[in-house]
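Here is a short briefing to read alongside the sequence and the 3D view. It starts with confidence and then turns to the aromatic rings.

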Amino acid sequence: MASLQHTTASLHSKPIPKITNILTQKPILNFSLSSTTTFTSPKLKFSITKTRRTTGGGALGSTMSSPAAGSYATALADLAISNNTLDATTADVDKIDELFSDRKVFDYFSSPIIDDDTKRKLIAEFATSSGFQPHTQNFLNILIESKRIDIINDIVKEFELVYNRLTDTELVVVTSVVKLESQHLAQIAKQVQKLTGAKNVRIKTVLDSSLVAGFTIRYGNSGSKFIDMSVKKKLEEIAAQLDLGDIKLAV
């Protein structure tokens, strides 16, 4: 891709516009837990991204990404490494993920009807309010100018994979009906670390009312490992065991 060849240079060169805040963004919760006797490593780096709601089951990032997304994600990660801002850039990507997970926002920026200047102004406001690294904002501007902002969600997924490989981090998606307490998520992180041997564990939380109660855990390469502790699964198992086809109820 020709436009990608100049990505790194462009990320360094583009200035940050100064515009009054229009968009606001809540911070992502990130923290580390020092080890106790129950942890298997001297220190478990444990981070949580903001809870997201969904209307159905399944893990984030389970769909195929655009082939170009991996190249863009790698270019951004390489630049972050060269600037020693990988963790800060990852925090930016978390916020981008939250913003563009809103379908209305995604459709707005993907629309060919909206001019690029308007999109860049909104990105500038979001970047300023979120405290983005300069190269993160410039990266989004490049996607707008290259008409590739429509693959931003795929880029986010690919960037997460790159980050996880570089930092020996296991991404875990915990889906529940209600928000779980941080100590419960810490226990899940500890158990996943035991199962995988990963140095770090990163948790994404998703709310899904269809589970009825309980939670599910998805981890591993592209979410290949799945643990279902939901009431929905139990109900489905009970229904499968009950053969009521020949029973007629009196009315």
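This is a predicted model, and its chain averages a pLDDT of 75. A score of at least 70 is reached by 66% of the residues.

**Confidence along the chain**

- Helix 7 (residues 134–145) has the highest confidence in the chain, at a mean of 96, while strand 1 (residues 33–34) has the lowest, at 29.
- Residues 1–44 have a pLDDT below 50, and this stretch makes 92 contacts in the model beyond near neighbours in sequence.
- Residues 54–62 also have a pLDDT below 50, with 15 contacts beyond near neighbours in sequence.
- Please take care here: where pLDDT is low, the predicted coordinates should not be read in detail.

**Aromatic pairs**

- The count of aromatic pairs comes to 4.
- One of them joins Tyr108 and Phe109: the ring centres are 5.6 Å apart and the planes meet at 75 degrees, which is over the 60 degrees needed, so the pair is edge-to-face.
- Phe126 and Phe132 form an edge-to-face pair too, with 5.3 Å from centre to centre and 90 degrees between the planes.
- Phe100, Tyr108 and Phe109 are linked into a cluster by ring pairs.

- Tyr108 has a relative accessible area of 30%, so Tyr108 is partly exposed.

Note on methods: Residues numbered from 1 in each chain as written. Predicted model: local features only at pLDDT ≥ 70, side-chain atom pairs only at ≥ 80, totals over all residues. Heavy atoms only, no water. Phe/Tyr/Trp six-rings, centres within 6.5 Å; stacked < 30°, edge-to-face > 60°. Buried < 20%, exposed > 50% of the residue type's maximum accessible area, 1.4 Å probe, protein only. pLDDT = per-residue confidence, 0-100. Helix = DSSP H or I, 4+ residues; strand = E, 2+ residues; numbered from the N terminus. Contact = heavy atoms within 4.5 Å.
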